[in-house]
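Visitor: I would like to learn how to read charged side chains in a protein model. Please take me through one.

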Amino acid sequence: MFGKKAGTEELEAFYPIRPECVAEIPKTRFKPRAGKTLSARRWQAAFSETGCLDIAKVLRRIQRGGIHPSIKGLVWEFLLGCYNPNSTLEDRNQLRQQRRERYSMWKTECRNMVSIIGRGNFITTPIITDDGQPIEVEGCRVTSAVSDKKVAQWMLILHQFGLDVVRTDRALAFYEDKANQAKLWDVLSIYSWVDDDIGYVQGMNDICSPMVILLENEADAFWCFECAMRRLRENFRCSTTSIGVQSQLGTLSQVIKTVDPQLHKHLEDLDGGEYLFAFLMLMVLFRREFSFLDALYLWEVMWAMEYNPNIFWSYEQPDGASDSNYGQLNQKMLKQYGKFQRKNLETGYADKNNALAVFLVASVLETKNKQILKEAKGLDDVVSILGDITGNLDAKKACQEALKLQNKYLKKAKRP
């Protein structure tokens, strides 16, 4: 699993780059390390005879060195709460089959309205007018005028994420195959139909793409994305007066104000006190700042550090799952939480916008503290300074610094 030459070339064989795009993408820093990275062998050894997963052992390994590419998709399903680690293999197979059938039902429902769905193709031009009249598009049939508001709103945006799909991870050879682009479009189409409260917002394609690549079965990729959106969906709730990540930007502002009041005041003086310059980092979780492989490594380490053993039940039974009182948790139970979440439990800090991503952005700002204070004369300068981190940020160090900053903040901040 970890040969002496387990370097970038070997890793990128899992996610080949189109030759003409090699020069334009950030350099990959992640390398699997024996004894630290979760390997396929260690992953298999973490299951009991009945299929129950020792999640504490898995979290420990991921937080030290990420996940080997050969098993990322399988592990992500647990990190994101698709499955309960205490479930048996039989339980999970049954649940997986039920979910695949539900996805197939939704897909059929959507295909009956828009014929191109599930046909290995997708659209990039509108299929209805604003008043619901069909527009003739090759390969896509809308048989009659659309009067239902939900259906019309959904159809009006289908071409938009078709345009986004074309731009998504275009450096990867995976998306040279139009069928793979269509798979991503199908998942986004069906998700936006099912979750019509949020619908589709640009950036969801960046979150969904890795799931489509890592999980061969389209329905499995959908459910992995759906679980990821459970924790991220409020970041995409936008209106004419607000952006979805505004709550997290408010938390970021509070963190910097607490740990570095001088930097916060300088940003306020530059009219940047709302920290809008950081919204894209939070919305798509640093996808633009890292290579594809490093972004995946960052996400899985973040999710492992934020892991809550109640996550599965909080999705399946929202009213019945909650964290136990910290005083009632023994050491064995605490080890089932990620480092970041464990610290929140220990301090009683319960801000729902207190995501590790907020502290990651804060740690980036801290590393650029001197440069921002010295050189930034306006918000454009701040954006330019932060832009320099693309390809120059070490995901592992960034997570370590974020944890240190969390600790510093929690010591200074008043407990609720």
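**Reading charges**

Guide: Start with one residue. Arg233 is buried, as its relative accessible area is 19% and the cut-off for buried is under 20%. Keep in mind that this is a predicted model.

Visitor: What does Arg233 form a salt bridge with?

Guide: The general idea comes first. Side chains of opposite charge can pair when their charged atoms come close. In this structure, Arg233 forms a salt bridge with Asp197, and their closest N and O atoms are 3.7 Å apart. Arg233 lies in the loop between helix 9 (218–232) and helix 10 (246–259), and Asp197 in the loop between helix 7 and helix 8 (204–214), so the pair ties together parts that are 36 residues apart in sequence. Asp197 is partly exposed, with a relative accessible area of 49%.

Visitor: Which residues are joined with Asp197 and Arg233 into one network?

Guide: Salt bridges can share partners, and here they join Asp195, Asp197, Arg233, Glu234 and Arg237 into one network.

Visitor: How many salt bridges does the structure hold?

Guide: The structure holds 23 salt bridges. One of them is between Arg287 and Asp169, with the closest N and O atoms 2.3 Å apart. This pair links distant parts of the chain, 118 residues apart: Arg287 is in the loop between helix 12 (279–283) and helix 13 (292–305), and Asp169 is in the loop between helix 6 (149–167) and helix 7 (178–194).

Visitor: Are Arg287 and Asp169 buried or exposed?

Guide: Compare each value with the cut-off of under 20% for buried. Arg287 has a relative accessible area of 7%, so Arg287 is buried. Asp169, at 14%, also counts as buried.

Visitor: By how many residues are Asp269 and Lys265 separated in helix 11?

Guide: Asp269 and Lys265 are four residues apart in helix 11 (residues 261–269), which means a separation of about one helical turn. The two form a salt bridge, with 3.2 Å between the closest N and O atoms. Asp269 is exposed, at 54% relative accessible area.

Visitor: Which residues form the positive surface patch?

Guide: For a patch, look for like charges on exposed or partly exposed residues without a salt bridge. The positive patch here is formed by Lys27, Arg29, Lys31, Arg33, Lys36, Arg41, Arg42, Lys57, Arg60, Arg64, Lys335 and Lys397. Helix 2 (40–45) and helix 3 (55–65) are the elements that give two or more residues to the patch. Helix 3 has the largest share, three residues.

Visitor: Where is Lys397?

Guide: Lys397 is in helix 20 (residues 395–412). Its relative accessibility is 55%, so Lys397 counts as exposed.

Note on methods
Residues are numbered from 1 along each chain as its sequence is written. This is a predicted model: local features need pLDDT of at least 70, side-chain atom pairs count only at pLDDT 80 or more; totals for chains, interfaces and linings use all residues. Side-chain values use heavy atoms; hydrogens and water are left out. Patches are made of residues with over 30% relative accessible area and no salt bridge: like charges are joined within 9 Å, nonpolar side chains (Val, Leu, Ile, Met, Phe, Trp, Tyr) within 5 Å. Accessible areas come from the Shrake-Rupley method with a 1.4 Å probe; for residues, only the protein chains shown count as cover. A salt bridge is a side-chain nitrogen of Lys or Arg within 4 Å of a carboxyl oxygen of Asp or Glu. Lys and Arg count as positive and Asp and Glu as negative; His and the chain ends are not counted. The place of a charge is taken as NZ of Lys, CZ of Arg, CG of Asp or CD of Glu. Buried means under 20% relative accessible area, exposed over 50%, partly exposed in between (1.4 Å probe, protein chains only).
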